[in-house]
Amino acid sequence: MTITEEIKELASSNSLDYVGFAPAESLENEPEGSRPSDFLPDAQTIISLGIKLSLGVQFANRLAHSRRDLRHAIYSYLWHGFGLPSLHYLDRTAILIVRFLEKRGHVAVPAMAASSFDIRSSLTEFSNIRAAVAAGLGDLGWGELVLTQDAGPRARFTSIITNARLEADMKPPLKSKLCDLEKCKELGKGLPICASVCPTHAIGPSEQEVRIGDRIFKTAKIDRWRCMWGSMGLSKDSLGLKDIPMPDTVGPEEVFNGMKERDPAQSLELMVISRGDYCGKCIMECPVASSSEVNQLLLKAKKTGRNEWTRMTVHGRK
Amino acid sequence: MRRQNKDMKELTKRAKELAFSNLMDYIGIAPVERFVNAPEGHRPGDLLPGAESVVSMGMRVSIGPQVTQRMALANQKKLRHVSFSYRWFGYGLLNMYFMDRAAFLLNRLLEKEGYVSIPIVSSGVEDTRLVMAAFSNRHAAVAAGLGEFGWNGICSTPDVGPRARFVSVITTAKLDPDPMYSGPKLCDLEKCRQFGQGEPFCVAVCPLDCFSHDKVEEVVIGGKRFEYAWMDHMMCGKTAGIGIHPLVLGPKDMVIPKTIDFDTSVKLRAKTPAKTVLETVVYGRGHFCGLCMLRCPIGVPKLVEDYMRGKELMAL
């Protein structure tokens, strides 16, 4: 077996769904400090690893967002849809691959799946999303998430930067774009769905061009701090127990102060598992590869529901 | 896509093999009908419309962490630090690294076969105001035939009593169900009262007097009626559980009222000394007590009893 075959085998035997390889130079347009060569001066290859979110945890997220009386359904998503796949599968497999490469005489630097967040720049240490796109695992969607053909944005990723020159796995671009912005705007009544469902208006309206290798993607600019306001559950629309007024301009200080304002029952809720994202609506409601089974379950839950919580989109229907 | 004619016995067998190959000690299947009396919003069908089965998996707490926790609680001044082993190897690690992983893998297996499944977190995420999880893993364990309730409200298995932890997966797969436990009664309340000088042993050894002396919880699972003591989960979980009760390895200068509500628990939490907070900052999970489980006479390991003989008082 070649090294790449062995890495693919290692990934699949550790329950990962995606593995791809990209030349390190494909991410040299990343911001200074976040390029592969900033982490490893002689970086040659990026290995991108991914795992799909199961239909059950997708449903748990959407159920919690659609039924006020079933908010506790989010607990399965917080851990089984975020912390556990990141910590136990992606990070664990990354370290196994790092060890494997080291035994073969190479150096490899693993990035964290759910990365630590640089408070100064609001950037993660290294973009697992862009690495996944560079490795041909999917397209970059409007909401700056990786869209895979079979799961849309419902997957999580991690990356390994290595000085091993591995055969790149650049797949040819898809004939039709996965993120069809015009069609999506029709579903979202003028806005792409990801932007229209975002409870903190973190996606757009300004746009940006992202260059990954030879490809250029047009995406919304994401306000990471507004996104964090939602992911930390600081509004009821993002499953917070209390609506904390969000300032027009959000930065680290505002998020930090907002967190102090949380209902204590909520701040204690995550104390043990520490990780988790209360929102995830842009991921869950994206129409790309949306599961019809999850959508049908939601319709059933809505029919039996007593107490609607927020607007729910099922294949664009509201 | 769902395979209508899938051989459920075969899928059940594969689910069980998966559990055992991932170091689970127990697995049982309960049809959702056994949960008809669960609280609204917390029944399998509330969390997953079309749910057919609940898979319960469990793992024994090994003997070493049982010994260290009992040693630490019996000698808090000198041996408090040996309780670290229990909090991680007897609680957090089993939950986070073994049972949640097994639930995650089972979820994937069932999904590959065309069934939607929701894995429940083994512990650690709950409605902190109600001290209530999304779904009760211990009730699921009883429903799946892995044991029966002891007076302490924990699922006791025939081999280790309550010294096991559980996780559940709710699924639309109609798996081959297991019968409920029908062996000899495990929790012999009258005999236990003799051990406990008039009180069931779990009640007698609870350092915080969390178990009611008169209020009884009654549940009917799969047509079978169970009774166990009402328990003050707020006092147990939000003081001893997080290590702030001076009687259970907590700071000696903390003052805990006899009864607490959620708001009091938040105030107490805010007063937690930095050293206690920092102690668990990395691994997060764990409970500082566990005596109602560790000292329960059902399935108590002789090795542990021999080791601890004469070293601990009944009620600390």
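How many helices and strands make up the secondary structure of chain A? Let's start there. Chain A comes to 12 helices and 10 strands. Before I go on, one caution: this is a predicted model.

A bit more on chain A as a whole. It has 318 residues, and 52% of them are buried. Now take the contacts in chain A between residues at least 6 apart in sequence: 71% of those join residues at least 24 apart.

Okay, on to a sheet. In chain A, four strands line up in the order β1-β2-β8-β3, and that makes an open sheet with antiparallel pairing. Which strands stand at the edges? Those are β1, residues 18-23, and β3, residues 108-110, of chain A. Each has a single partner strand, so one side of each is left without a neighbour in the sheet. Going from one strand to the next, the twist averages 25°.

Let's look at one pair in that sheet. β1(A) and β2(A), the latter covering residues 45-52, run antiparallel and are joined by six bridges.

Two packed helices are described by the angle between their axes and the distance between the axes. For helix α3 of chain A, residues 55-66, and α4(A), the axes come within 7 Å and cross at roughly 140°. That makes α3(A) oblique to α4(A), and the crossing is left-handed. Who makes the contact? From α3(A) we have A:Val57, A:Ala60, A:Asn61 and A:Ala64, while α4(A) brings A:Ile74, A:Ser76, A:Tyr77, A:His80 and A:Gly81. By class, that's five nonpolar and four polar residues, with no charged ones.

Now, over to where the two chains touch. How many residues does each chain put into the contact? Chain B gives 30 and chain A gives 29. On the chain B side, α2 (44-47), α5 (83-112), β3 (117-119) and α10 each supply at least two residues. α5(B) gives the most, with seven. Sorted by class, the side of chain B that touches chain A has 14 nonpolar, seven polar and nine charged residues.

And here α4(A) comes back. It packs with α5(B) at an angle of about 110°, with the axes 11 Å apart. The two helices are therefore roughly perpendicular to each other. On the chain A side you'll find A:Trp79, A:His80, A:Leu84 and A:His88, and they meet B:Asp100, B:Arg101 and B:Phe104 in α5(B). The residues of this contact divide into three nonpolar, two polar and two charged. Notice A:His80, by the way: that residue is in the contact with α3(A) and also in the one with α5(B).

Last stop, helix α9 of chain B, residues 233-240. Six of its eight residues are buried, so this helix is largely enclosed by the rest of the structure. The buried ones are B:Met234, B:Met235, B:Cys236, B:Lys238, B:Thr239 and B:Ala240. And what covers them? The cover includes β8 (224-231) and α10 (262-270) of chain B.

Definitions and conventions:
Residues are numbered from 1 along each chain as its sequence is written. Chains are lettered from A and ligands numbered from 1 in the order in which they are written. This is a predicted model: local features need pLDDT of at least 70, side-chain atom pairs count only at pLDDT 80 or more; totals for chains, interfaces and linings use all residues. A residue is buried if 20 or more other C-beta atoms lie within 10 Å of its own, exposed if 12 or fewer, and partly exposed in between; C-beta atoms are placed from the backbone. Two residues are in contact if their C-beta atoms, placed from the backbone, lie within 7 Å. Two strands pair if DSSP finds at least two bridges between them. Axes are lines fitted to C-alpha atoms, for helices over the stretch in contact, and angles run from 0 to 180 degrees between N-to-C directions. Angles under 35 degrees count as roughly parallel, over 145 as roughly antiparallel, 65 to 115 as roughly perpendicular and the rest as oblique. A crossing is left-handed if the near helix is turned anticlockwise from the far one by less than a right angle, and right-handed if clockwise. Ala, Val, Leu, Ile, Met, Phe, Trp, Tyr, Cys and Pro count as nonpolar, Asp, Glu, Lys and Arg as charged, and the others, Gly among them, as polar.
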